[in-house]
Amino acid sequence: MAEPTGLIAKSGIELLTFGTPNGFKVSILLEELKEAYGRDYTWQSINIMKNTQKEPWFTALCPNGRIPAIVDHDNNGFAVFEGLAILGYLTRRYDPEHRFSFPVDSDDYTVCEEWMAWQHGGLGPMQGQANHFHRFAKERIAYPTQRYVGESERLYGILDARLAERDFVAGPGRGKFSIADMSLLGWVNIATFSGLDMGMFPHVQKWLDRCMERPGVRKGFAVPNVSGLSNEKIAEVIESDPEQKKKTEEARKFLEEAKEKYGYKYLSP
Ligand SMILES: N[C@@H](CCC(=O)N[C@@H](CS)C(=O)NCC(=O)O)C(=O)O
């Protein structure tokens, strides 16, 4: 299929994305906004394996050359990049009833923002590197493999503690489903692929199941396509494909040996 060469919409929000954890956070919000307010959007799939995100038309909108990015054709073609900024922009502008966000002057707004910042500076980058060294690196290297999977485990422990007595990450009482949850969902949905054992984080698993019950979340996870790396898909592939099963077991064994070699200890509460 030919890759996009520029914008295609004339009005509304246009999302430039790919089927990855950072892409899904925005498609989930746009699907939720569609369910809540009937506001449709346009999306284009930017194949990051083909480096379409490095093309000049794309970097003119997103100087970092990475997905996701949005263009708001109803706001003079205003372009926004970085998940946190996109989720903030879209809710400030298009979630007037605060169905997925909080009033800017409330403490809940700041709590929501702090968990999103934690995702951006912590869980996302650490799990991204865990993926790289555990699954994709051209050479298996013990130290970074145990370092990044280990740091991701620590962060999942923090999230597990946060969710022990609440249903959602931010919001009063047991919490409210919000952009704080959306920013994390894509990452947690591929935790197994990244070398994490979801059995260690029962509250995170229950939260993931709870969020997955939402039609908007399921639809968002299908834009532009369902990920082959999700916890569910990986479990299926391991069952049905002996070669993938062998690869996964080899990666896991290497990780366990790397943890032992460097005296790794799980350090979360
Ligand atoms: N902090 C950014 C991260 C964006 C990011 O890393 N996107 C990845 C896909 S998940 C990407 O576009 N990778 C392609 C590349 O590195 O060129 C966000 O959350 O929006």
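How far apart do the end C-alpha atoms of residues 14-98 lie, and how much of the span is helix and strand? Select that stretch to begin: the end C-alpha atoms are 22 Å apart, and the span is 39% helix and 20% strand. Helices (H or I, at least four residues) and strands (E, at least two) are DSSP runs, numbered from the N terminus. UniProt lists residues 14-98 as "domain: GST N-terminal" in an unreviewed entry; its positions are given in the numbering used here, feature names are shortened, and annotations may be inferred rather than shown by experiment.

Before moving on, a word on the model. It is a predicted model, with residues numbered from 1 along each chain as its sequence is written. Local features need pLDDT of at least 70 and side-chain atom pairs count only at pLDDT 80 or more, while totals for chains, interfaces and linings use all residues; side-chain values use heavy atoms, with hydrogens and water left out.

**Second stop: residues 105-237**

Now select residues 105-237, which UniProt lists as "domain: GST C-terminal", again in an unreviewed entry. This part of the chain is 64% helix and 0% strand, and 47 Å separates its end C-alpha atoms.

Inside it, pick Asn131 in helix α4. Asn131 has 8% relative accessibility and so counts as buried, where buried means under 20% relative accessible area, exposed over 50%, and partly exposed in between (1.4 Å probe, protein chains only). Show the side chain of Ser194 as well: the side chain of Asn131 makes a polar contact with it at 2.7 Å. A polar contact is a pair of N or O atoms within 3.5 Å; within protein, one must be able to donate a hydrogen and the other to accept it, and residues adjacent in sequence count only if both atoms are side-chain atoms.

Which residues are closest to the ligand? Of the 13 residues that surround it, the closest are Gln53, Lys54, Ile67, Glu82 and Gly83; a residue is included if one of its heavy atoms lies within 4 Å.

- Lys54 places a polar side-chain atom 2.6 Å from an oxygen atom of the ligand.
- Glu82 has a polar side-chain atom 2.7 Å from a nitrogen atom of the ligand.
- Gly83 has a polar backbone atom 2.9 Å from an oxygen atom of the ligand.

Most residues other than glycine have a negative phi, and most peptide bonds are trans. Ile67, already on screen among the residues closest to the ligand, is joined to Pro68 by a cis peptide bond with omega near 5 degrees. Pro68 sits in the loop between α2 (56-59) and β3 (69-72). Another cis bond links Val223 and Pro224, with omega about 0 degrees; look for Pro224 in the loop between α8 (215-220) and α9 (231-240).

Next, select two asparagines. Asn51, in the loop between β2 and α2, has a positive phi of about 65 degrees although it is not a glycine. Its relative accessible area is 40%, so Asn51 is partly exposed. Asn76, in the loop between β3 and β4 (78-81), has a positive phi near 55 degrees. With a relative accessible area of 78%, Asn76 is exposed.

The largest pocket holds about 1,200 Å³ of space. Its lining has 39 residues, and the closest to its centre are Thr20, Asn22, Ile48, Arg66 and Trp187. The largest share of the lining, 9 residues, comes from α4. By type, the lining divides into 16 nonpolar, 19 polar and 4 charged residues. Here Ala, Val, Leu, Ile, Met, Phe, Trp, Tyr, Cys and Pro count as nonpolar, Asp, Glu, Lys and Arg as charged, and the others, Gly among them, as polar.

How many cavities of 30 Å³ or more does a search of the whole structure find? The search finds 1, and the largest cavity contains about 30 Å³ of space. To see its lining, select Ile13, Leu30, Leu33, Arg39, Asp40, Tyr41, Leu90 and Tyr94. The lining divides into 6 nonpolar, no polar and 2 charged residues.

On a 1 Å grid over the protein atoms alone, a cavity is a set of points where a 1.4 Å probe fits but cannot get out, and a pocket is an open set with protein on both sides within 12 Å along at least five of seven lines; lining residues have an atom within 4 Å of a point. Grid points are joined across faces, edges and corners, and a volume is the space filled by probe spheres set on the points.
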